[in-house]
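Work through the exercises below with the sequence and the model open. Each task is followed by its solution in steps.

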Amino acid sequence: MSNRVVCREASHAGSWYTASGPQLNAQLEGWLSQVQSTKRPARAIIAPHAGYTYCGSCAAHAYKQVDPSVTRRIFILGPSHHVPLSRCALSSVDIYRTPLYDLRIDQKIYGELWKTGMFERMSLQTDEDEHSIEMHLPYTAKAMESHKDEFTIIPVLVGALSESKEQEFGKLFSKYLADPSNLFVVSSDFCHWGYEYYRTIRSCIF
């Protein structure tokens, strides 16, 4: 059995946002410094997944509410843009790279989710083609940098769910949302997400 660690590269760095760690750090610090934390500690946030030129300052309003001192696991739910899914899908890698530092996938939680039989598996190609989760990784890394060795992420690619599947996934995720050390990040454009995606996310976290 191989113990090789599989990594997802920051495939949109250099196009959707800068690939320079110092430059990216300065940009994120600048945007975060311009907003106030009014709802900390957040249990769930919604933020866009467009290029940072378009949405970097907007996303700061959400990530400013993250309290790294109490957050230990971060569920990142992003819609699938490239492959048709009737369920949700989980990554096949161990590490998500960012220009700031690497983020570890919580294999224990992934194991619990796999056991339900409710999830498909993303190929590495699908994972790296998709931007809806990746655009939240640098902000997640920045928001959690003071506790960067003390948290994990749980990326979930969300498909076009039927109403019955929405209820099933909502029930599944509700037990994780009840844990105050878990944070849910909902990835959205706020322009082409549509009612169906809103209904799916609402059923998962509310």
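**Exercise 1.** What does the accessible surface of the chain come to, and what percentage of it belongs to carbon and sulfur atoms?

Solution. The model is predicted: local features need pLDDT of at least 70, side-chain atom pairs count only at pLDDT 80 or more, and totals for chains, interfaces and linings use all residues. Residues are numbered from 1 along each chain as its sequence is written, and side-chain values use heavy atoms, with hydrogens and water left out. The accessible surface, by the Shrake-Rupley method with a 1.4 Å probe, comes to about 9,700 Å². Carbon and sulfur atoms hold 51% of this surface. Of the 206 residues, 51% count as buried (under 20% relative accessible area, 1.4 Å probe, protein chains only).

**Exercise 2.** Give the strand order of the open six-stranded sheet and find its edges.

Solution. Helices (H or I, at least four residues) and strands (E, at least two) are DSSP runs, numbered from the N terminus. Two strands pair if DSSP finds at least two bridges between them.

Step 1. The order is β2-β9-β3-β8-β4-β7, with mixed pairing.

Step 2. β2 (44–48) and β7 (119–121) each have a single partner strand, so one side of each lacks a neighbour in the sheet.

**Exercise 3.** Classify the ring pairs Y63–Y139 and F119–F173.

Solution. Rings of Phe, Tyr and Trp (its six-membered ring) pair if their centres lie within 6.5 Å; planes under 30 degrees apart count as stacked, over 60 as edge-to-face and the rest as tilted. This rule gives twelve aromatic pairs.

Step 1. For Y63 and Y139 the centres are 5.0 Å apart and the planes at 10°, so the pair is stacked. Y63 lies in helix α2 and Y139 in helix α5 (residues 137–143), 76 residues apart. Both Y63 and Y139 are buried.

Step 2. For F119 and F173 the centres are 6.3 Å apart and the planes at 70°, so the pair is edge-to-face. F119 belongs to strand β7 and F173 to helix α6, 54 residues apart.

Step 3. F119 has a relative accessible area of 6% and is buried; F173, at 0%, is buried.

Step 4. F119 and F173 belong to one aromatic cluster with F75, F169, Y176 and F184. The buried residues of α6 include F169, F173 and Y176.

Notes: Buried means under 20% relative accessible area, exposed over 50%, partly exposed in between (1.4 Å probe, protein chains only).
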